[in-house]
Amino acid sequence: METEENIVIVGAGIAGLATCLALHRVGLRSIVLESSDSLRATGFALLLWTNAWKALDALGIGDSLRQISLSITGVKSFSADSGAPIKEVSFVDNNRIDYESRCVRRKDLLEKLENEVPQGVIRYSSKVVSIEESGPMKVVHLADGSIIRTKALIGCDGVNSVVANWLGLQKPVNSGRSAIRGFVEYPDKHGYQPKFHAFFGVDGNAEQDPIKLKQFVLNKASNMSKELSAVVERTTLDSISCAQLKLRLPWNVLTGNILKNNVCVVGDALHPMTPDLGQGGCSALEDSVVIAKCLGEALVKPIKDRGVGQEDEDEFNKIKKGLEKYAKERRWRSFTFISAAYLSGFIQESGSKVISFLRERFLAGVTIAVTLRMANYDCGKLTVS
């Protein structure tokens, strides 16, 4: 079976669903192709910073998510070696900063996005196996044998993106580090303050077995507070995971094809990064708003402004202009995200005696300042004036 769509999005994660919703908000229809048979609501929770909440407000779902999220009142860093506090920044009653940071369940965010997009636009069990060109059209081949022809193809299919591969972008590389993640539920109040705690120090070689992972973290937390150890102890084995951290080389984002012939990438398909800034989901939400604004201005605004008798510009050229504007706007921002996250992680976990000495005295504060500066960004509103 062969069908035709104006805009096709590959991947129904945060980036894909947010992009679909953003396009819908500016009056553009798209469909989302998802390889799994249902919403991929795996994972635990996300820390969303100011830039993400501005994007969620632009999407029209910020307030509803605030009602089911936890507001973070500040960030505090500690030495992983000694357990001593290094730096603390409060977000409450601080005239120098105006940040919003909240913890949201990934499942809540994805379900909200899914419920807000038009019914029927998400096509599950639709795995993309290849992409071809047919004149200005892109021909998307699915695993079930069906074919979709489209005027614009947006890859939101994560670190191992099929679309990024078609564009010729280099594959993400291993950072040489891993991340251990855990999630703890407290049915009753736990009594802890809603603050983000960061521990700076040398890492180690983590195991994959959940029992060994838990013990590894407990050993690392031996110099920390009893409260932290209690949180780790309470974490169940099925709520612990470990994964290698990957990133796209930042110069590949600057010089590579993040856009080619009305095909582009968004979110982790564009800028996979280490999690040291907490900007993976935040940056994807930024991308979605920006690409919808650019396409809306290119496709919707000319229709509104066109006078009687004026000929419409070729739609492919309008899409091209919109995507070119998006790529220009996001290229340097993506480069900065990847570079800042990597350098922040290097500072946090370097075993160098010099870096360790400087980290204890001021570099830990620098990494917090960089995190907050990257979060202080407004991607704008979804209006086509």
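Visitor: Which helix does Arg333 lie in?

Guide: Arg333 is part of helix H10, residues 315-349. Helices here are DSSP runs of H or I with at least four residues, strands are runs of E with at least two, and both are numbered from the N terminus. This is a predicted model, where local features need pLDDT of at least 70, side-chain atom pairs count only at pLDDT 80 or more, and totals for chains, interfaces and linings use all residues. Residues are numbered from 1 along each chain as its sequence is written, and side-chain values use heavy atoms, with hydrogens and water left out.

Visitor: Thanks! Is Arg333 buried or exposed?

Guide: Arg333 is buried, at a relative accessible area of 13%. Buried means under 20%, exposed means over 50%, and partly exposed is in between, using a 1.4 Å probe and protein chains only.

Visitor: And what is Arg333 in contact with, beyond its neighbours in sequence?

Guide: Setting aside neighbours within four places in sequence, Arg333 contacts Asn51, Glu286, Met374 and Tyr377. A contact here means heavy atoms within 4.5 Å.

Visitor: Switching to cysteines: how many disulfides are there?

Guide: The search of the whole structure gives zero disulfides. The criterion is a pair of cysteine sulfur atoms within 2.5 Å.

Visitor: OK, backbone next. What is the phi of Asn262?

Guide: Asn262 has a positive phi of about 65°, although it is not a glycine. You'll find Asn262 in the loop between strand S15 (259-260) and strand S16 (263-265). Its relative accessibility is 6%, so Asn262 counts as buried.

Visitor: And Ser125, what is phi there?

Guide: Phi of Ser125 is near 55°, again a positive value in a residue other than glycine. Ser125 sits in the loop between strand S8 (122-123) and strand S9 (128-134). With 44% relative accessibility, Ser125 counts as partly exposed.

Visitor: One more loop: where is Ile68?

Guide: Ile68 is in the loop between helix H3 (62-66) and strand S4 (70-71). Ile68 is partly exposed, with a relative accessible area of 47%. The C-alpha atoms of Ile68 and Leu245 are separated by 29 Å, and these residues are 177 apart along the chain.

Visitor: Let's zoom out. How many helices and strands does the chain have?

Guide: The chain has eleven helices and 16 strands. Its C-alpha atoms fill a box of roughly 75 × 45 × 45 Å along the principal axes.

Visitor: What share of the residues is buried?

Guide: Buried residues make up 50% of the 385 in the chain. Among contacts with a separation of 6 or more, 78% come from residues 24 or more positions apart.
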